[in-house]
Amino acid sequence: MFLGTHTPRLDEKGRLILPAKFRDELAAGLVITRGQDRCLAIWPMETFIAQTADLRNASSSSKQVRDYQRMLASGASDEVPDKQGRITIPPHLRAYAGLDKECVVVGAMNRVEVWDAASWNTYSTEQEAEFADLNNEGFPGL
């Protein structure tokens, strides 16, 4: 499970050093793709395959299914961290999330999210008040 908030920087080559506590779970390979809210989602390869099984098997006769499959897969990149725990974030994904140097890496339970630092600060400030009022009773499937 991925937990916590970390503040690594992107280097000049677009590489991100993964937080040490996340490296073991991501060492065998990962998928980086667009996340909702203009962040990036990093999934362990096994988790990505499991999470997308229903989507891969869904009927492509549905426009919604086709659109979601295209957006998810076209932005995805499979990576293997190097010996220093770095991954290269492709330029199109850096542009999507507005990543420059200052990043926030957030553990989001089954995935890691990478945010532009200013975007994360805005998002977390906006969500703080709502978080206090949330509980898991209103979430489908829980």
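In E8, which residue is the bridge partner of Val106? The partner is Glu113, and that pair is a handy place to start a walk through this structure. A word on the ground rules: this is a predicted model, in which local features need pLDDT of at least 70 and side-chain atom pairs count only at pLDDT 80 or more, while totals for chains, interfaces and linings use all residues. Residues are numbered from 1 along each chain as its sequence is written, and side-chain values use heavy atoms, with hydrogens and water left out.

Let's look at the sheet. Six strands make an open sheet, in the order E1-E7-E8-E4-E3-E5, with antiparallel pairing. Strand E1 (5-6) and strand E5 (77-79) sit at the edges with a single partner strand each, so one side of each has no neighbour in the sheet. Strands here are DSSP runs of type E with at least two residues, helices are runs of H or I with at least four, and both are numbered from the N terminus. Two strands pair if DSSP finds at least two bridges between them.

Now step onto E8, which covers residues 112-116. Five of its five residues are buried, where buried means under 20% relative accessible area, exposed means over 50%, and partly exposed is in between (1.4 Å probe, protein chains only). Val112, Val114 and Asp116 point one way from this strand, and Glu113 and Trp115 point the other way. E7 runs antiparallel to E8, joined to it by five bridges. Besides the pair we opened with, Val104 stands opposite Trp115. E4 is also antiparallel to E8, with three bridges between them, and here Leu40 has Val114 as its bridge partner.

E4 itself is worth a stop. Because five of its five residues are buried, E4 is largely enclosed by the rest of the structure. Leu40, Ile42 and Pro44 face one way, and Ala41 and Trp43 face the other. E3 and E4 run antiparallel and share five bridges, with Ile32 standing opposite Ile42.

Most residues other than glycine have a negative phi. Met109 counts as exposed because its relative accessibility is 56%.

Where does the largest pocket come in? A pocket is found on a 1 Å grid over the protein atoms alone: it is an open set of points with protein on both sides within 12 Å along at least five of seven lines, whereas a cavity is a set of points where a 1.4 Å probe fits but cannot get out. The largest pocket holds about 1100 Å³ of space, its volume being the space filled by probe spheres set on the points, which are joined across faces, edges and corners. Its lining has 32 residues, and Asp37, Ala108, Arg111, Glu113 and Tyr123 lie nearest the centre; a lining residue has an atom within 4 Å of a point.

Several elements supply at least two lining residues each, including strand E3 (30-34), strand E4 (40-44) and helix H4 (63-74). The largest share, six residues, comes from H6. By class, the lining has 19 nonpolar, eight polar and five charged residues. In this count Ala, Val, Leu, Ile, Met, Phe, Trp, Tyr, Cys and Pro are nonpolar, Asp, Glu, Lys and Arg are charged, and the others, Gly among them, are polar.

Tyr123 sits in helix H6 and counts as partly exposed because its relative accessibility is 27%. Leaving out residues up to four places away in sequence, Tyr123 touches Asp37 and Trp115, contact meaning heavy atoms within 4.5 Å.

Last, the cysteines. A search of the whole structure finds zero disulfides, a disulfide being a pair of cysteine sulfur atoms within 2.5 Å.
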